Every structure is written in structure tokens, then in C-alpha cells.
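Here is a friendly walk through one model, moving from a single side chain out to the elements around it. Keep the structure open beside the text as you read.

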Amino acid sequence: MSVVSSIWEGVKNFFQSVVNFIRKVINGVLNFYTHVLQWYKRLKLRQDRDIPFLMFGPTLKEMLKGAPKKDVGIFKAVYNEETETITHHEFVEADALDEKTREVLGDEELVVLS
């Protein structure tokens, strides 16, 4: 099974079991460096075990069957390959995405960061 398939399965399993999760709302533009990259850096992840990823908000919205209150959003998380679980996560809603975040996501719904 590919890393992306494993992560996708982990995301689906995670949302089937979670009732509440961390949600952050940004009144303005989500900035990749400030709101995404710095969050991952603070986690001090292990490169041989942890896979940081983010997901485009509409995909998450479809999975959660509930619309975000803001126009756009992303789901930031870390997938632990050893335990096949999502260990850290945060959903971020904003009025807009900055250019770098749009560039990183491109046309993809799920992006593995390295």
C-alpha cells in the first residue's frame, strides 16, 4: 500500500472515531509559513516515523459532512507509519489561502510534505 493510500485510510479511520478535534479559525488569509510550516516545526517530528500532510478543506468537509463557516480551510496532520494512526492534527479555516499554500496544494486534495 502506498504512503498516500495509508494516510488516506488513516484519515478515514480517524474521522470515524473522533468526536471533537482542534479547530482554528483565521479571520484573513492563511499563510503557509506562519500557519502551516511553523505548526509542524513545533511538533519535532521523527523523519523515520512521522509523515506530515495537509488536506484541502472541501475534501475534509465532504468527509465530515458539514461545511466550514469560513470560505476555505485545510487539515494539517501527522501520520505515524508505525502505529498507522494520526498523531497530531488541526483543522484551520480562513477567509482565503495565501499564494504559497495554493502552490503547495496545487490541484491535489492530499499532499505529503517532506
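Let us start with Tyr40, which touches Leu45, Pro52, Phe53, Leu54, Lys76, Ala77, Val78 and Leu113, leaving aside residues up to four places away in sequence; contact here means heavy atoms within 4.5 Å. Before going further, note that this is a predicted model, in which local features need pLDDT of at least 70 and side-chain atom pairs count only at pLDDT 80 or more, while totals for chains, interfaces and linings use all residues. Residues are numbered from 1 along each chain as its sequence is written, and side-chain values use heavy atoms, with hydrogens and water left out.

**Helix H2**

Helices (H or I, at least four residues) and strands (E, at least two) are DSSP runs, numbered from the N terminus. Tyr40 is one of the buried residues of H2 (residues 32-42), together with Phe32, His35, Val36 and Trp39; buried means under 20% relative accessible area, exposed over 50% and partly exposed in between, with a 1.4 Å probe and protein chains only. They lie on the same side of H2 because they cover an arc of only 125° around the axis, the arc being that of the directions from the helix axis to the C-beta atoms. On the face turned away from that buried side, H2 carries the exposed residues Lys41 and Arg42.

What caps the N-terminal end of H2? Asn31 does, with a side-chain oxygen 3.0 Å from the backbone nitrogen of Tyr33. Just after H2, Lys44 takes a positive phi of about 50°.

**Aromatic pairs**

A search of the whole structure finds two aromatic pairs. Rings of Phe, Tyr and Trp (its six-membered ring) pair if their centres lie within 6.5 Å, and planes under 30 degrees apart count as stacked, over 60 as edge-to-face and the rest as tilted.

| Pair | Centre to centre | Angle between planes | Class |
|---|---|---|---|
| Phe32 and Tyr33 | 5.8 Å | 80° | edge-to-face |
| Trp39 and Tyr40 | 4.9 Å | 75° | edge-to-face |

Phe32 is buried, with a relative accessible area of 6%, whereas Tyr33 counts as partly exposed at 44%. Trp39 and Tyr40 are both buried.

**Cores**

A nonpolar core is a set of buried Ala, Val, Leu, Ile, Met, Phe, Trp, Tyr and Cys residues joined through side-chain atoms within 4.5 Å. The largest has 15 residues, and those with the most contacts inside it are Leu30, Val36, Tyr40, Leu54, Ile74 and Leu105. Strand S1 (23-30), H2, S3 and strand S4 (85-97) each give two or more residues to this core, and the largest share, four residues, comes from H2. A second, separate core of 10 residues includes Ile51, Phe75, Ala77 and Tyr79.

**Strands**

Two strands pair if DSSP finds at least two bridges between them. Strand S2 (residues 50-56) has six of its seven residues buried, so it is largely enclosed by the rest of the structure. Seven bridges join S2 to strand S3 (residues 72-80) in an antiparallel arrangement. Within this pairing, Met55 has Phe75 as its bridge partner, and Ile51 stands opposite Tyr79. S2 is also joined to strand S5 (residues 110-112), antiparallel, by three bridges, with Phe53 opposite Val112.

Is S3 largely enclosed or open? Eight of its nine residues are buried, so S3 is largely enclosed by the rest of the structure. S3 and S4 pair in the antiparallel sense over nine bridges, and Val72 stands opposite Ala94. Their hairpin has four residues between the strands, and there Glu84 takes a positive phi near 55°.

Notes: Polar contact = N/O pair within 3.5 Å; in protein donor to acceptor, adjacent residues only side chain to side chain.
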